[in-house]
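Dear colleague,

I am handing over the structure below, together with notes on what was found in it. Please read the notes with the structure open beside them.

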Amino acid sequence: MIPISSAAVTARIAAELPTYRWITKFSRGRWLVRIWEWGDCRSYDYTGDTEARALKAAFDATLAFERARQRRLACPYCKGLGWYIVTGGDKEMCRHPQVAA
Ligand SMILES: [Zn+2]
């Protein structure tokens, strides 16, 4: 297993998730990473037995979350909203069907 360093992971967060901020702290025998998007009112916590592993968990999960959000925003039906109005005025929840390229 290749060891990971906190500096390497924070460099990747800064490069690939530039709108995110984070703090790390050691609490109750575990490293905690609190990560949030700049201007947002919520944050997400990740833990690990080392600072680097907690940062890696935060980075992996946040990157997956961001990619899923980008896919939703690219949805041609709802543009990421999650619903649309159908003929007759009813609200339909969108399942974000993938469009063949
Ligand atoms: Zn959609």
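Read along the sequence, the protein follows the pattern α-β-β-β-α-β-β, that is, two helices and five strands, where helices (H or I, at least four residues) and strands (E, at least two) are DSSP runs numbered from the N terminus. Please keep in mind that this is a predicted model, in which local features need pLDDT of at least 70 and side-chain atom pairs count only at pLDDT 80 or more, while totals for chains, interfaces and linings use all residues. Residues are numbered from 1 along each chain as its sequence is written.

**Overall form**

The C-alpha trace spans about 55 × 30 × 20 Å along its principal axes. The radius of gyration, taken over C-alpha atoms, is 18 Å, whereas a compact globule of 101 residues would have a value near 13 Å by the rule of 2.2 Å times the number of residues to the power 0.38. Buried residues make up 14% of the 101 residues; a residue is called buried if 20 or more other C-beta atoms, placed from the backbone, lie within 10 Å of its own, exposed if 12 or fewer do, and partly exposed in between. Of the contacts with a separation of 6 or more, 28% are between residues 24 or more positions apart, a contact being a pair of residues whose C-beta atoms, placed from the backbone, lie within 7 Å.

**The sheet**

Three strands form an open antiparallel sheet in the order S1-S2-S3, two strands being paired if DSSP finds at least two bridges between them. S1 and S3 stand at the edges with a single partner strand each, so one side of each is left without a neighbour in the sheet. From one strand to the next the twist averages 20°, with axes taken as lines fitted to C-alpha atoms (for helices, over the stretch in contact) and angles running from 0 to 180 degrees between N-to-C directions.

S1 and S2 are joined by eight bridges and run antiparallel; within this pairing, Arg21 has Trp36 in S2 as its bridge partner. Ile23 counts as exposed because it has 10 C-beta neighbours inside 10 Å.

S2 and S3 also pair in the antiparallel sense, over five bridges, and the partners in S3 include Tyr44 for Ile35 and Gly48 for Trp31. These two strands form a hairpin with six residues between them, and Gly39 in the turn has a positive phi of about 90°.

Which residues make up the largest nonpolar core? There are twelve: Val9, Ile13, Tyr20, Trp22, Trp31, Val33, Ile35, Tyr46, Ala54, Leu55, Ala58 and Phe59, where a nonpolar core is a set of buried Ala, Val, Leu, Ile, Met, Phe, Trp, Tyr and Cys residues joined through C-beta atoms within 7 Å. Helix H1 (6–16), strand S1 (20–27), strand S2 (30–37) and helix H2 (51–73) each supply at least two residues of this core, and H2 gives the most, with four.

Beyond its neighbours within four places in sequence, Val9 is in contact with Ile4, Ala52, Leu55, Lys56 and Phe59. The buried residues of H2 are Ala54, Leu55, Lys56, Ala58, Phe59 and Thr62, and what covers them includes H1, S1, S2 and strand S3 (44–48). The 23 residues of H2 should span 33 Å at 1.5 Å a residue, and the end C-alpha atoms are 32 Å apart, which agrees; the expected span is 1.5 Å times one less than the number of residues.

**Two backbone angles to look at**

Most residues other than glycine have a negative phi. Arg28, in the loop between S1 and S2, takes a positive phi near 50° in a hairpin that has two residues between the strands. With 6 C-beta neighbours inside 10 Å, Arg28 counts as exposed. His96, in the segment after strand S5 (91–93), likewise has a positive phi, of about 45°, although it is not a glycine. His96 counts as partly exposed because it has 16 C-beta neighbours inside 10 Å.

With best regards

Technical notes: Contact = placed C-beta atoms within 7 Å.
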